[in-house]
Every structure is written in C-alpha cells, then in structure tokens.
Amino acid sequence: MPARIDTEEHLREALEKLLLLDPRFADVLAIAGHPPMRRREGGFPGLARIICGQQISVAAAASIWGRLETKFVPLDHHAILKARTPQLQRVGLSMPKIRTFRHIARAVRDEHLNIDALAHMPAEEAHAQLVKVKGIGPWTADIYLMFCVGHADAFASGDLALQEAARIMLNKRKRPDAKQLEKIARLWKPYRSVAARLLWAYYAAVKRRTGVPVEPSPEAVQ
C-alpha cells in the first residue's frame, strides 16, 4: 500500500526522510517553516470541490460550494446525474464544470473510476486512472491525490508556483517546465507530496520577503 500523509506526525516523519534524500531542503525549511497538512474530504465531493474552485476566487468558490452542498444532499454522483443543467447553473457552476461533474459522475456510476481504490495504488497508477476521465487534467488528479487521498508521492509538476519555487531553491535562471520539474522531483520519491507542500510554503515566504504580492496558489483548493 502506498505511503500516506494522514496526520501531522506522518508529515513530520516524511519531512525528515525528504531532508535525507535532498539536504538542499534544509535551507527551504528554514525559510518556509513546517508546511501545513491541508487534508480535505475525499471521494466524489472532494474531487468535485477541487474542480469547483478552479479559475475563480477563493470567495467565489466557497460561495458556489456552499450552495451546492445546500441544494444537493448528499452531494454525490447520483445527485449530479439527476440534476438538471439550470439547477447546476443557478448555484454558479459554469458549463465546462457541469460537463466535468457529469463525466466524473458517469465514470463512477459505470465503474470506470473507483475513487476509493485510488488510495491503494501507486501514485502514477492512481494518476493515470483519474486522467482517463474526461475533464480531469493532470493538475486536478495530483491535487486530489495529495490533499484528499493523502498520497505521499503525488506531485503536481505542472503547478506554476511549484515550478517557480523549485527555480529559486535550485538557483536556476529559468523556471523549469512540467517535464523538467518531474525529472528533478525523481530524487524526492517516495515523498514528493511533502516536497510540494514545502515548496509551496517556500514560494509564499520568499515572495513575502521580497515584497512581491503572492497570488493564491492553485493548491489552495477550497
């Protein structure tokens, strides 16, 4: 079974092991401090909430999610499949997000996606299962595995804040792209999600030190 980050103790132990794998993180930790857990609800609601919060403000995402939870009890794949498009639009969901919700709901119904089984798969396999579903991209898959499943080795290499944090940490002139960061992160296996948590915290800390406004990181999913 893959390693999990379910508690603060798990995070602390994994962080210690990460520092042994790559001592360069010691300087990052000194600046960023202990990274937060940020564990969230899993299952269909957890995946839906990540999608709900994409490309909108934190406040807007929270408002839409609150209306969704109030309107559909329980908020599961059955509720989404039964819901009419106008109902979903009235709570604030865009048509692309409605389509993604339905793709996921059908995949769960038809047993093409077993969300519960993802916790028992290696990160790469779980990621591959998620991105098979139309509307779920690599970033969404990795964020779900990191924060809703607690997978210790998931890593969102396409995240711009992670790329920039890695650039600063490694003292590179150019920010690595997703493929380059994926290669860099091989050294951090099987604790890449811990590396990501630390890099996000480092990114925010460095930007605050330099007086540069920090945009909400995509990982701060509602």
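In helix 2, the buried residues include Phe25, Val28 and Ala32. Viewed down the axis of helix 2, the buried residues fall within an arc of 55°, so they line one face of the helix. Asp27 and Ala30, on the other side of helix 2, are exposed. The cover over the buried residues of helix 2 includes helix 1 (8-21), helix 10 (160-169) and helix 12. Just after helix 2, glycine 33 adopts a positive phi of about 80°. The model described here is a predicted one.

Phenylalanine 25 also belongs to the largest nonpolar core, which has 74 residues. Together with Leu68, Leu93, Ile104, Leu130, Tyr144 and Trp188, Phe25 is among the residues that touch the most other members of this core. Helix 12 supplies the largest share of the core, 10 residues. When neighbours within four places in sequence are left aside, phenylalanine 25 is in contact with Leu18, Leu19, Met169, Trp188, Ala195, Leu198 and Leu199. In soluble globular proteins, nonpolar side chains tend to be buried together.

Most residues other than glycine have a negative phi, and most peptide bonds are trans. Arginine 38 is not a glycine, yet its phi is positive, at about 55°. This arginine 38 is located in the loop between helix 2 (25-32) and helix 3 (43-52). Its relative accessibility is 36%, and arginine 38 therefore counts as partly exposed. Glutamine 55, likewise not a glycine, has a positive phi of about 65°. Glutamine 55 is placed in the loop between helix 3 and helix 4, and with 84% relative accessibility it counts as exposed.

The structure contains 13 salt bridges. Side chains of opposite charge can pair when their charged atoms come close. Within helix 1, glutamate 9 and arginine 12 are three residues apart, about one turn of the helix, and their side chains form a salt bridge with an N to O distance of 2.5 Å. Both partners are partly exposed: glutamate 9 has a relative accessible area of 38%, and arginine 12 has a relative accessibility of 34%.

A salt bridge also links glutamate 164 and lysine 207, whose closest N and O atoms are 3.7 Å apart. Glutamate 164 is in helix 10 and lysine 207 in helix 12, so this pair ties together parts that are 43 residues apart in sequence. Glutamate 164 and lysine 207 are both buried.

In the salt bridge between glutamate 182 and arginine 192, the closest N and O atoms are 3.0 Å apart. Because glutamate 182 lies in helix 11 and arginine 192 in helix 12, the pair ties together parts that are 10 residues apart in sequence. Glutamate 182 is partly exposed, with a relative accessible area of 29%, whereas arginine 192 is buried, with a relative accessible area of 4%. Glu182 and Arg192 belong to one network with Glu124, Asp153 and Lys189, joined by salt bridges that share partners.

Technical notes
Residues numbered from 1 in each chain as written. Predicted model: local features only at pLDDT ≥ 70, side-chain atom pairs only at ≥ 80, totals over all residues. Heavy atoms only, no water. Helix = DSSP H or I, 4+ residues; strand = E, 2+ residues; numbered from the N terminus. Buried < 20%, exposed > 50% of the residue type's maximum accessible area, 1.4 Å probe, protein only. Core = buried A, V, L, I, M, F, W, Y, C linked by side-chain atoms within 4.5 Å. Contact = heavy atoms within 4.5 Å. Arc of directions from axis to C-beta. Salt bridge = Lys/Arg side-chain N within 4 Å of Asp/Glu carboxyl O.
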